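Please read these notes with the model open beside you.

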Amino acid sequence: MNDLCRLSASEAVGLIQQGKVTSEELVRACLERIEEREQEVEAWVHLDAEYSLAQARERDRASSRGPVHGLPFAVKDIMDTADMPTGYGSPIWEGFRPRADAACVALTRAAGGVLLGKTVTAEFASRHPGKTRNPHDPTHTPGGSSSGSAAAVGDFMIFMAFGTQTLGSVIRPASFCGCVAYKPTYGEISAEGVKENTGSFDTVGLFGRAVEDLPLFRAAVTGEPVRPLEPVSVKGLRVGLCRTPLWDRAQDYTKAFVEGAASQLAKAGAAVSDLDLGGPFADFEAMGRRLSDYEIARALAWERTHHFDLLSEYQQGKMRDWPVVSYDEYRESERVMTACRAYLDDASGELDVLLTPSATGEAPEGLDSTGDTAFNILATWTHVPCVTLPVFEGPSGLPVGLQLVGQRCHDHRLFEISQAVHSALSS
């Protein structure tokens with residue numbers, strides 16, 4: 001069973017399709033791993049072993065319903081589930097039972113997935129951390145806000161898991177926990193039934209163990225057929241090394257890793273060039289945070305009005321002097337974001353992919369912070385897809401990811417490029 005839980009999602013689905021393993025066996029393997037490791041990692045807020053096994057047995061009796069038939073998956077507890085409690089990481093909603101699944105949950109189940117349980121989220125998918133620890137070193141943060149999903153996949157408790165990203169809540173924890181992860185083009189995956197944080201940025205993302213896992217779940221939630229990853233040659237690939245205006249916040253070893261990756265790809269025949277972001281990007285971080293402050297204060301209007309005392313000190317501090325951001329300031333922030341998206345589209349139009357850090361470095365020590373989002377906001381706020389690959393190891397032996405940023409609405413192409421880059425850097 002321990003060997004089964006270490007499979008990638010694509011490997012597990014292949015074995016199910018070949019009749020070499022059952023969904024029930026995969027669920028039991030996950031449950032055994034969780035029993036072994038959960039006391040240390042604390043990735044979960046809700047599990048129902050018997051219900052999960054019952055779902056698996058039903059899948060084993062039925063014909064295939066879709067690309068993830070029989071595969072156990074997990075969802076961040078910011079997403080509604082009709083048959084499991086959804087608490088949004090807040091005592092305000094403890095024990096709440098939604099009447100319907102979030103769209104991503106319903107679609108994955110319709111495609112044959114087996115919902116194993118709910119994973120820990122930071123409060124309202126924001127900055128106040130949950131209980132989860134980094135599976136590689138429990139004295140370090142797993143990142144956030146999708147902390148439980150990243151840790152559960154990184155620790156072989158589950159094959160795939162959903163998260164959400166408003167700043168860096170998928171890519172950063174994946175980097176810290178050693179996962180492959182994908183933040184889609186904005187709107188690619190429906191956010192219906194996901195508790196809103198910042199509607200202008202909120203994006204449903206995925207955690208897995210291999211690039212090959214990502215097309216399976218993308219197919220399940222978009223309704224598109226599963227498309228094979230066609231081979232891409234690194235030779236001639238047009239790569240932009242994008243340090244971003246926040247490069248100084250990266251650790252020196254992270255800078256060396258990313259620049260070394262660019263050099264390695266150049267030696268393999270890629271056409272590597274620097275991409276500098278100027279123009280409207282001078283105010284990018286400040287304007288994006290202002291926009292987020294405006295929208296989350298309204299998304300949590302009921303909680304702020306009726307249960308202010310049950311909000312974390314972090315959220316209370318953000319909302320005590322409401323409104324913090326005026327309507328005119330909000331509209332100015334939107335204007336800057338729109339300009340930045342157009343600027344990036346033009347600047348990267350001749351490139352196949354951008355290389356940037358997935359995080360400033362290894363997961364920081366301690367559990368009071370989820371880490372710096374400096375290198376995640378570029379792809380999230382400009383609405384373009386990105387993937388993180390677990391290809392580096394920091395000085396403490398913890399994972400450090402490499403982020404690949406693709407062209408808007410060309411998510412599958414990004415998967416193919418990511419597979420090629422991962423192979424080139426691993427060889």
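1. The second largest pocket has a volume of about 260 Å³. A pocket here is an open set of points on a 1 Å grid over the protein atoms alone, where a 1.4 Å probe fits and protein lies on both sides within 12 Å along at least five of seven lines; lining residues have an atom within 4 Å of a point. Grid points are joined across faces, edges and corners, and the volume is the space filled by probe spheres set on the points. There are 20 lining residues, and the closest to the centre of this pocket are Ser-126, Arg-127, Leu-167, Ser-292 and Tyr-314.

2. The elements that give two or more residues to this lining are α10 (284–299) and α12 (313–319). Of these, α10 gives the most, with four residues. Helices (DSSP runs of H or I, at least four residues) and strands (runs of E, at least two) are numbered from the N terminus. By class, the lining of the second largest pocket has four nonpolar, 11 polar and five charged residues. Ala, Val, Leu, Ile, Met, Phe, Trp, Tyr, Cys and Pro count as nonpolar, Asp, Glu, Lys and Arg as charged, and the others, Gly among them, as polar.

3. Some words on the source. This is a predicted model, in which local features need pLDDT of at least 70 and side-chain atom pairs count only at pLDDT 80 or more, while totals for chains, interfaces and linings use all residues. Residues are numbered from 1 along each chain as its sequence is written, and side-chain values use heavy atoms, with hydrogens and water left out.

4. The largest pocket has a volume of about 320 Å³. It is lined by 20 residues, and Val-45, Gly-87, Gly-89, Ser-90 and Pro-91 are the closest to its centre. Its lining divides into six nonpolar, 10 polar and four charged residues.

5. Helices α9 (residues 252–267) and α15 (residues 411–426) pack at about 95°, with their axes 10 Å apart. This makes α9 roughly perpendicular to α15, a word used for angles of 65 to 115 degrees. Axes are lines fitted to C-alpha atoms over the stretch in contact, and angles run from 0 to 180 degrees between N-to-C directions. In the contact (heavy atoms within 4.5 Å), Ala-261, Gln-264 and Leu-265 of α9 meet Val-421, Ala-424 and Leu-425 of α15. Five of these residues are nonpolar, one is polar and none is charged.

6. The whole structure holds 27 salt bridges, each a side-chain nitrogen of Lys or Arg within 4 Å of a carboxyl oxygen of Asp or Glu. One joins Lys-195 and Glu-303 (2.7 Å, N to O). Lys-195 lies in the loop between β5 (180–183) and β6 (203–208) and Glu-303 in helix α11 (residues 301–306), so the pair ties together parts 108 residues apart in sequence.

7. Which peptide bond is cis, with omega near -5°? The bond from Trp-322 to Pro-323 is.

Key. Angles under 35 degrees count as roughly parallel, over 145 as roughly antiparallel, 65 to 115 as roughly perpendicular and the rest as oblique.
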